[in-house]
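I opened this notebook to keep track of what I looked up in the model, entry by entry.

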Amino acid sequence: MNASTAVFPGLKRVALVGATALLWLPGVSQAEETTIRFQLDWRFEGPSAPFLLAESRGYFAEEGLDVQIDSGSGSAGAINRVASGAYEMGFGDLNALVEFLAENPDGPGISGVYIVYDGTPAAVFARKDSGIETPADLAGKTIAAPAFDTGYRAWGIFAAANDLAADAVEWQNVDPTLRETLLTRGDVDAITGFYFTSLLNLEERGMSEDELTIMPFPEYGVPLYGNAIIVSESFANENPEAVQGFLRAFNRALGDTLDDPEAAIEYVRERDSLIDVEMETRRLKLALESVVDTPDAREYGVGGVDDERLRDAVALVAKAYDLPTLPSPSQVFDSRFLPPIDERMLLPEAE
């Protein structure tokens, strides 16, 4: 015991209490949180639930992250905003990322780090009363979609996989708000769109699933990946632990979402009180069932890629999109930040 504490026995305890109290003063902290601005691909809808759940339940905060999640207006926008530095991370279509990298070979580095949609959600929705039951029946028919739609862009891959000439159909480039309406009115024979989006939009407009022939791209020979969490290369290099922490938190939240989609939707409603809870719950379940819970994800875990499949997918996209260069698989996806595989086995084992 030193002289000061011998004379004043309460001094040491007071000093410790005072030092501890300082940690709670504004502007004083043991460790600064890393800020991550995160850009979604679309509005706050069912599929955004795991991101919002991770934020609200404090999973990001537990990793030392201050994450700001903003709604988006499409995958291309999310990718461009991450590339520009406006956002550090985002959520977008891996095929759109391949396109960006091919068209900007000397531009800012950006890569996928966690595959959320193990298969592309793109699907063909056709009217049964048009006599369409198989891909071959699409020959001579009219299909509508926005020019940026993945199904439209990747049509050549779908056609080749199903022995259909790419020019066997007539395309109408339409505004996304009109796509399902045109099919419902019978102005076109078919459309392409995300499975869990167009199906619900068609039902809202009075067209039931029984009136449709639905051809999801993954079930018809198209091996493309879908949406992934993406990150700026410069941010990842400077903050590898933050990227790892983000993926750990998201992976945990995805597990919660798979276990209880109804509870997860409440976090979407927190961000947009006007959502139709029943519809967004169904949208979330359709997304989970169709493109998250896949045979590959069951066998190998969520989040990662199969190297051969990724290489083939990049080559298919480059050909279908007529891209000027071919990005390498390592440019498109970086697996260094993924949680261990045992933590990513969130689904029942493949039968």
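I began with Phe38 and listed its contacts (heavy atoms within 4.5 Å), leaving out residues up to four places away in sequence: Phe38 touches Phe51, Val67, Gln68, Ile69, Asp70, Tyr87, Met89, Gly90, Phe91, Ile229 and Phe246. I note for all entries that this is a predicted model, in which local features need pLDDT of at least 70 and side-chain atom pairs count only at pLDDT 80 or more, while totals for chains, interfaces and linings use all residues. Residues are numbered from 1 along each chain as its sequence is written, and side-chain values use heavy atoms, with hydrogens and water left out.

I then looked up the largest nonpolar core, which has 111 residues, and found Phe38 among those with the most contacts inside it, along with Phe125, Leu138, Trp155, Ile229 and Phe246. Such a core is a set of buried Ala, Val, Leu, Ile, Met, Phe, Trp, Tyr and Cys residues joined through side-chain atoms within 4.5 Å, where buried means under 20% relative accessible area, exposed over 50% and partly exposed in between, with a 1.4 Å probe and protein chains only. Helix H12 (residues 240-259) gives the most to this core, with eight residues; helices (H or I, at least four residues) and strands (E, at least two) are DSSP runs, numbered from the N terminus.

I located Leu40 in the loop between strand S1 (34-39) and helix H3 (49-56), and it counts as buried because its relative accessibility is 1%. Leaving aside neighbours within four places in sequence, I find Leu40 in contact with Ser48, Phe51, Ile69, Asp70, Ser71, Gly72, Ala78 and Phe91. The C-alpha atoms of Leu40 and Phe91 are separated by 5.0 Å, although the two residues are 51 apart along the chain.

I traced an open sheet of five strands in the order S7-S6-S8-S5-S9, with mixed pairing; two strands pair if DSSP finds at least two bridges between them. Its edge strands, each pairing on one side only, are S7 (170-173) and S9 (212-216). Strands S5 (residues 122-127) and S8 (residues 190-194) pair in the antiparallel sense over five bridges, and Ala123 stands opposite Gly193 in S8. Helix H10 (residues 195-204) packs on the sheet, touching S5, S8 and S9, and its direction makes about 125° with that of S8; axes are lines fitted to C-alpha atoms, for helices over the stretch in contact, and angles run from 0 to 180 degrees between N-to-C directions.

I counted 20 salt bridges, each a side-chain nitrogen of Lys or Arg within 4 Å of a carboxyl oxygen of Asp or Glu. Arg309 forms one with Asp118, the closest N and O atoms being 3.4 Å apart. That pair links distant parts of the chain, 191 residues apart, with Arg309 in helix H16 (residues 307-320) and Asp118 in the loop between strand S4 (110-115) and S5. Arg309 is buried at 15% relative accessibility, and Asp118 is buried at 10%.

I also looked up Arg127 and Asp129, whose closest N and O atoms are 2.8 Å apart in a salt bridge; Arg127 is buried at 14%, whereas Asp129 is exposed at 58%. Finally, I noted a network of salt bridges that links Arg43, Glu45, Glu280 and Arg283.
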